[in-house]
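The stops below go from one selection to the next.

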Amino acid sequence: MEIKKTVMLGALVTGTLAAGVAMAAEQFIGLPSYRVGAYAAGGSGIFGGWIDYMNLINERDGGVGGVKLVYEECETEYNNARGVECYERMKNKGETGNSMFSPLSTGITYSVLDKVPDDKIPLVTIGYGRTDAADGRVFPWVFPLITTYWSQATTMIKYIESKEGELKGKKIVLLYHDSAYGKEPHAVLDKMAAAKGFEVTKIAVAHPGNEQQSQWLQIRQIRPDWVILWGWGVMNPTALKAAAKTGFSRAKMLGVWWSGAEEDTIPAGSAAKGFTAAGFNVAGAEYPVIKDIKKHVYGKDKGNMEDESRVGSVYYNRGVVHGIIAVEAIRKAQEKFGQGKALTGEQVRWGYENLDIDDKRLAELGAAGFMPALKTSCMDHEGSGKVKYQTWDGAKWKVVTDWIDADKQLVRGMIEESAAKYAQEKGITPRDCSKEM
Amino acid sequence: MFYREAGQFKPSYEADQQIFPIIQDRVGIAIIIAFAALVVPMIASEYWLNSILVPVLIFSLAAIGLNILTGYAGQLSLGSAAFMAVGAFGAYNFMLRIDGMPFLVALVLGGLAAAAVGVVFGLPSLRIKGFYLAVATLAAQFFIVWALVKFPWFSNHSTSGVITAQDIVILGFAFDGPVAKYLLTLAIVIVLALMAKNLVRTSTGRSWMAVRDMDVAAEVIGIRPMRTKLIAFAVSSFYCGVAGGLYAFTYLGTVEPEGFNLDLSFRILFMIIIGGVGSIMGSFLGAAFIVLLPIFMNVMMHGLLGDYISASFGSNLELMIFGGLIIFFLIVEPHGLARLWQIGKEKLRLWPFPH
Amino acid sequence: MQFFLEVLIGGLLSGVLYSLVALGFVLIFKASGVFNFAQGAMVFFAALTFVGFTEVLPGWTGLEAGGTAVFWLAFVLALASMVVLGIATEKIVLRPLVNQPPITLFMATIGLTYLVEGIAQGIWGANVRGLDLGIEDVPIEYMLEQHNILISTFDLFAALLAGLLVGSLALFFQYTKVGRALRAVADDHQAALSIGIPLQHIWAIVWGVAGFVALVAGLIWGARNGVQFALTFTALKALPVLILGGFTSVPGAIVGGLIIGASEKLAEVYVGPFVGGGIESWFPYVLALLFLLVRPEGLFGERHIDRV
């Protein structure tokens with residue numbers, strides 16, 4: 001492992017090691033990545049960004065509190081069984097075992113959901129996974145951080161409302177990937193439609209979504225005011241192209257955060273211009289944190305991306321967000337459990353539960369405006385619920401809004417209801433948060 | 001020398017008709033089972049139990065199911081994963097909706113549900129053959145997964161369409177640890193595998209092979225092709241369904257319909273091709289091979305070569321080697337690992353005087 | 001009525017694109033009896049290789065990026081790669097497997113699928129690329145204004161191109177010496193060999209032509225959806241076309257494509273809403289299945305007579 005070598009060399013340079021200890025403390029992070037197949041574009045971008053950020057921390061700061069971050073990748077191919085194997089393979093690696101698991105796949109998340117409490121490894125799912133796990137009382141080990149699909153759906157309606165003024169009588173089409181993922185926003189949108197008096201029509205697109213003629217002809221008949229694109233992969237550029245083909249304005253299309261990367265718009269060419277999508281991170285290489293990565297990581301030729309031009313893209317930056325949160329959780333846990341040594345998964349879990357990355361801290365990290373401020377608690381494992389909207393100008397994503405907050409009241413009620421149902425099914429007694437420290 | 005049937009006389013028809021008429025086979029199988037049941041739980045780590053042995057056993061069962069249909073009855077199917085899904089969701093719903101439903105009964109009922117669905121999708125096999133049938137079974141693959149996603153009743157209205165398997169309790173004993181789950185899976189798989197081994201020697205099994213080798217000729221000698229083929233579909237889907245139930249209950253714990261995709265069907269097909277078409281033993285060998293190969297390569301790529309090649313290229317290289325090895329195997333040993341097993345036995349019989 | 005026509009025409013045009021992919025299957029199945037599952041991966045490989053070359057060629061040769069010269073040079077290089085891939089497949093994979101049961105050959109092509117996908121992404125990376133063939137994808141104004149029927153220019157162009165390709169292939173097989181030899185091989189390998197037709201030569205040609213078809217399909221689908229891994233899924237659209245039209249019939253692939261394309265769109269629009277939509281994933285398969293119950297050898301397939 002390249003990193004291990006740098007640890008040995010870096011030991012002298014950084015001088016943060018406890019005197020007399022021959023080996024540096026290492027915090028092991030197992031990365032269940034995927035770099036082949038249909039999901040490779042997202043996987044290589046996000047895991048690449050995450051790895052680069054960890055290398056930045058190692059190179060620039062000599063690790064977190066003197067503890068080097070070491071990682072190992074395990075190819076999951078986005079396949080549940082492979083993901084479980086990776087989870088099991090990595091869970092006892094390193095000094096203290098795997099300190100977190102982020103499979104970047106809702107399917108794998110579900111497959112290991114029952115295992116993490118026994119193994120005491122926090123399951124961190126940023127922007128995917130099980131929405132009701134935001135109720136930390138029922139899911140102490142699961143962290144669907146920053147925001148969830150349900151929160152996002154409410155911000156979409158808020159965004160549309162900000163453009164339209166009044167939503168009463170408006171028609172909104174939800175064009176969704178026909179899968180569990182695509183069904184996530186249905187209940188939320190139905191509730192909001194009832195409350196605000198707009199009409200929502202849900203149109204399914206069969207996987208993989210490379211043919212959408214019939215759906216868009218239907219949309220042409222309905223003549224909606226807005227189309228929400230809840231797509232994945234090839235479905236996104238196909239939808240944008242089909243919209244152009246049927247003459248539907250892309251300015252009236254709103255995408256989910258898995259529809260809003262360069263990988264979704266570039267293949268659609270000029271048809272993507274004017275399309276707006278949500279993101280809990282933004283695109284762009286001008287943020288200090290990205291500049292630092294370029295300087296300290298790529299400058300030393302240690303970058304993970306084969307194509308350096310992808311540094312600063314939406315997926316890449318999303319990986320950096322994963323890295324920032326992981327590092328901050330470890331830092332937080334070190335404050336409580338002590339610096340200079342590797343932490344266990346259980347200790348890192350405490351760090352995740354007590355995250356407080358405010359705007360000041362974000363600025364220190366060089367990530368002001370890059371991601372929303374985040375504050376978690378025993379009750380709330382989501383921590384923010386905010387997204388920004390970005391519009392594709394034909395060449396790059398441009399941020400067009402400030403952070404838009406979710407309709408917390410609505411979403412939180414649904415989360416608690418769903419989590420309570422799960423707790424009942426599984427016979428879990430929710431934690432009493434007043435006793436947590 | 002070691003594997004010699006000379007001198008083993010069968011004084012009764014019963015003795016001659018045993019599943020394993022040769023004493024070495026009987027002893028060998030008994031040793032393997034005893035090893036798997038007694039020694040393995042003691043020496044295997046949690047990792048080996050949870051993520052290698054249990055899936056190998058479950059996929060062996062699914063491969064046996066497909067082997068019955070493809071290897072014995074000659075009907076190519078690309079929908080095995082969908083029948084696994086029916087078994088998984090079936091067992092879940094039986095457990096959920098009927099109070100006090102014992103796990104094993106639910107598992108069998110899930111298998112029977114898969115068998116019923118299998119019969120429906122097996123109907124076209126009466127008129128369609130070969131690749132036309134193979135592509136037609138894709139209808140089952142896509143339709144079943146679509147239906148499981150589309151109708152929330154199947155997943156008990158869970159917003160995400162994902163089901164969480166209930167805890168397994170048999171006669172008051174909770175099977176929750178890796179060892180307990182492994183032993184339960186092992187027991188079920190052994191029982192069903194022996195049943196399959198027996199079944200293919202019965203008149204039903206022989207009529208399957210007759211239909212496989214030439215269905216018109218089989219019909220001429222009085223085998224009813226419709227009944228034979230449909231039984232093959234039913235039994236095959238039953239095995240796949242039980243495998244699916246185990247996949248949900250003793251392996252993953254939570255499953256989503258999309259997990260049972262076409263890729264999984266292909267993997268099961270690989271297992272029987274690599275293992276050996278028309279061989280129960282081959283199903284086990286093939287499942288072990290297909291489960292272990294990618295893991296082995298992943299460990300190699302990221303462990304040994306990680307310093308020299310980029311992670312992306314490494315992962316793609318894994319895929320290339322996986323595909324390449326499959327082709328290589330088909331070229332070198334088209335009859336699969338079971339054939340190598342057989343050659344090994346022949347060698348043992350003749351050793352040390354091969355001529 | 002206008003909506004019905006719109007859906008129908010859109011479906012027919014999409015259907016031609018399915019035919020284009022199905023054609024690659026038919027060619028190889030006809031000549032060598034192999035159900036080449038890797039056709040989808042070949043479409044992906046071809047498109048990715050083409051786009052990859054358009055990216056690197058300006059740097060290598062100094063030609064203007066995005067220019068016509070680069071386009072055609074990349075096209076030729078991609079075509080050459082496809083022919084090499086096809087011939088290598090024939091020589092390395094299929095020749096040692098001659099006389100194996102069809103299922104073994106089929107499995108070998110699934111193995112080939114992984115291999116080709118790995119090579120494609122290993123060489124060119126997992127990036128998603130756009131592909132612009134220079135044809136605007138906008139509605140034809142005349143039809144839109146006069147009849148309020150929406151027909152896409154691009155789809156019409158693609159359909160014409162596909163039709164042209166199929167027509168010339170049909171002529172090629174009907175009237176040239178190679179074509180006649182090919183049909184002889186398709187009829188009976190041994191008889192063809194015995195009258196002196198170089199079997200392996202013919203197979204190499206067929207794999208080369210299948211590579212060419214994959215490249216054209218890859219370019220058109222790549223321009224529609226972007227050049228990305230999902231191009232391999234086009235194979236799943238072509239399979240029902242294949243069973244409907246028959247594995248061995250070129251006209252069958254065309255007619256089958258038209259039927260599948262039109263009926264799946266009409267079903268999605270008129271039946272889909274009652275069952276929650278998204279039925280396009282399985283509807284063509286069920287349709288083809290029902291059709292097979294009536295005609296087990298497909299529309300134009302050869303009737304198979306069993307003898308005891």
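How many residues does the contact take from chain A and from chain C? Select both chains of this predicted model: the contact takes 39 residues from chain A and 38 residues from chain C. On the chain A side, colour helix H2 (40-61), strand S6 (199-205), helix H9 (213-222) and helix H10 (235-245), each of which supplies at least two residues of the side that touches chain C. H9(A) gives the most to that side, with six residues. By class, the residues of the side of chain A that touches chain C are 17 nonpolar, 13 polar and nine charged.

Keep chain C and bring in chain B. Here 40 residues of chain C are in contact with 37 residues of chain B. Helix H4 (102-124), helix H10 (234-245) and helix H13 (283-294) of chain C each supply at least two residues of the side that touches chain B. H4(C) gives the most to this side, with 16 residues. Coloured by class, the side of chain C that touches chain B shows 26 nonpolar, 12 polar and two charged residues.

Now hide the other chains and look at chain C by itself. What does its secondary structure come to? Chain C has 13 helices and zero strands. Its radius of gyration is 20 Å, close to the 19 Å that the globule rule gives for 308 residues, so chain C is as compact as a globular protein of that length. The C-alpha trace of chain C spans about 60 × 60 × 35 Å along its principal axes. Of the 308 residues in chain C, 55% count as buried. Among the contacts in chain C with a separation of 6 or more, 74% are accounted for by residues 24 or more positions apart.

Next, select chain B, residues 46-72, which form helix H3. Where does this helix bend? H3(B) bends by about 35° at Leu66(B). The helix is mostly covered, with 23 of its 27 residues buried. Step just past the end of H3(B) to Gly74(B), which takes a positive phi of about 75°.

Return to chain A and colour it by domain. The assignment gives domain 1 as 2-147 + 283-375 and domain 2 as 149-279 + 389-408. Taken over C-alpha atoms, the centres of the two domains of chain A are separated by 30 Å. Between them, 11 residues of domain 1 are in contact with 18 residues of domain 2. The side of domain 1 of chain A that touches domain 2 has six nonpolar, five polar and no charged residues.

For the last stop, zoom in on strand S9 (residues 276-279) of chain A. Are its faces covered or open? Both faces of S9(A) are covered. Thr276(A) and Ala278(A) are buried on one side, and Ala277(A) and Gly279(A) are buried on the other. In a regular strand the side chains alternate between the two faces of the sheet.

Strand S8 (residues 253-255) of chain A pairs with S9(A) in the parallel sense over two bridges, and Leu254(A) stands opposite Thr276(A). Strand S12 (residues 388-392) of chain A pairs with S9(A) in the antiparallel sense over four bridges. To label one of these, pick Gly279(A): its bridge partner in S12(A) is Lys388(A).

Methods. Residues numbered from 1 in each chain as written. Chains lettered and ligands numbered in written order. Predicted model: local features only at pLDDT ≥ 70, side-chain atom pairs only at ≥ 80, totals over all residues. Contact = placed C-beta atoms within 7 Å. Nonpolar A, V, L, I, M, F, W, Y, C, P; charged D, E, K, R; others polar. Rg over C-alpha atoms; globule rule 2.2 N^0.38 Å. Buried ≥ 20, exposed ≤ 12 C-beta atoms within 10 Å, placed from the backbone. Domains from an automatic or database assignment. Bend = angle between axes of the 7 residues up to and from the residue. Pairing = 2+ DSSP bridges.
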